[in-house]
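Okay, thanks for coming, everyone.

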Amino acid sequence: MKGKVLFIVTLLFVLLAGRAEAQRCLPKMRGIELRAGLNEADGYVLGAMLSSYAKGGNKWVYGLEYLKTSHGYRSTTIPAAQFTAEGGYYYNFLSDAKKVVFFYAGASALAGYETVNWGGKTLYDGARLNNKDAFVYGCAATLEMELYLVDFIALTASLRERFLWGGSMGVCHTKYGIGVKFIIN
């Protein structure tokens, strides 16, 4: 009888004592993130990222992005797209005590390919495009927030400024978006 009472008292103590907080963003943990966002020039962005955490909740990021915009021409639009790969480092500059919300400032190197009108040079009215498909390169500055819903799923929100040279879509591209991250180990 004493064993049963001791078991019930121990169980009640564990239930009422509070819950243990999970350990998040530990070194060598990895996460996969799927992103979607908007560009300042009537475009959208889709991407996938792999995060590898370092000390202090900082992280290395590697990813792929697709940016699509449209430029008006008379009664139609001309599509333009960029396919980029990136690698960078994000510094954790603020987080709460329970490790639920993290804020990052990051810098990345970018390289990829840009296409205008999917390589077509002649428009429907016979006009010719001077824009050429090209390889692009540059960097990005990012502010990002992670909000953990459970130990292995986080929602993200980001604001990015990309600087890409070599193409004809312009150098600066501001983007903002949301994503969902799954911690895989």
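Let me start with a definition: two rings of Phe, Tyr or Trp, taking the six-membered ring for Trp, count as a pair if their centres lie within 6.5 Å. Keep in mind that this is a predicted model. By that rule, we get eight aromatic pairs here.

Take F93 and F103: their ring centres are 6.4 Å apart with 40 degrees between the planes, a tilted pair. F93 sits in strand β4, residues 76-95, and F103 in strand β5, so this pair ties together parts that are 10 residues apart in sequence.

Next pair, Y137 and W165. The centres are 6.4 Å apart and the planes sit at 35 degrees, so this one is tilted too. Here distant parts of the chain are linked, with Y137 in strand β6 (residues 134-150) and W165 in strand β7, 28 residues apart. W165 comes out partly exposed, at 38% relative accessibility. And one more aromatic item: Y44, Y66 and F83 form one cluster.

T115 is in strand β5, residues 101-116. Why call T115 buried? Its relative accessibility is 5%, and buried means under 20%. With D133 there's a side chain to side chain polar contact at 3.1 Å. Also, the C-alpha atoms of T115 and S168 are 8.9 Å apart, though 53 residues separate the two along the chain.

Now S52, over in strand β2, residues 43-53. S52 is also buried, at 16% relative accessible area. Leaving out neighbours within four places, the contacts of S52 are M29, R30, N58, K59 and W60.

Last stop, the inside. Strands β1 (30-39), β2, β7 (153-165) and β8 (172-183) each give two or more residues to the lining. Among the lining residues are R35, V45, E65, R160 and Y176. And the lining splits into four nonpolar, four polar and four charged residues.

That's my tour, so over to you.

Definitions and conventions. Residues are numbered from 1 along each chain as its sequence is written. This is a predicted model: local features need pLDDT of at least 70, side-chain atom pairs count only at pLDDT 80 or more; totals for chains, interfaces and linings use all residues. Side-chain values use heavy atoms; hydrogens and water are left out. Helices (H or I, at least four residues) and strands (E, at least two) are DSSP runs, numbered from the N terminus. Buried means under 20% relative accessible area, exposed over 50%, partly exposed in between (1.4 Å probe, protein chains only). Contact means heavy atoms within 4.5 Å. On a 1 Å grid over the protein atoms alone, a cavity is a set of points where a 1.4 Å probe fits but cannot get out, and a pocket is an open set with protein on both sides within 12 Å along at least five of seven lines; lining residues have an atom within 4 Å of a point. Ala, Val, Leu, Ile, Met, Phe, Trp, Tyr, Cys and Pro count as nonpolar, Asp, Glu, Lys and Arg as charged, and the others, Gly among them, as polar. A polar contact is a pair of N or O atoms within 3.5 Å; within protein, one must be able to donate a hydrogen and the other to accept it, and residues adjacent in sequence count only if both atoms are side-chain atoms. Rings of Phe, Tyr and Trp (its six-membered ring) pair if their centres lie within 6.5 Å; planes under 30 degrees apart count as stacked, over 60 as edge-to-face and the rest as tilted.
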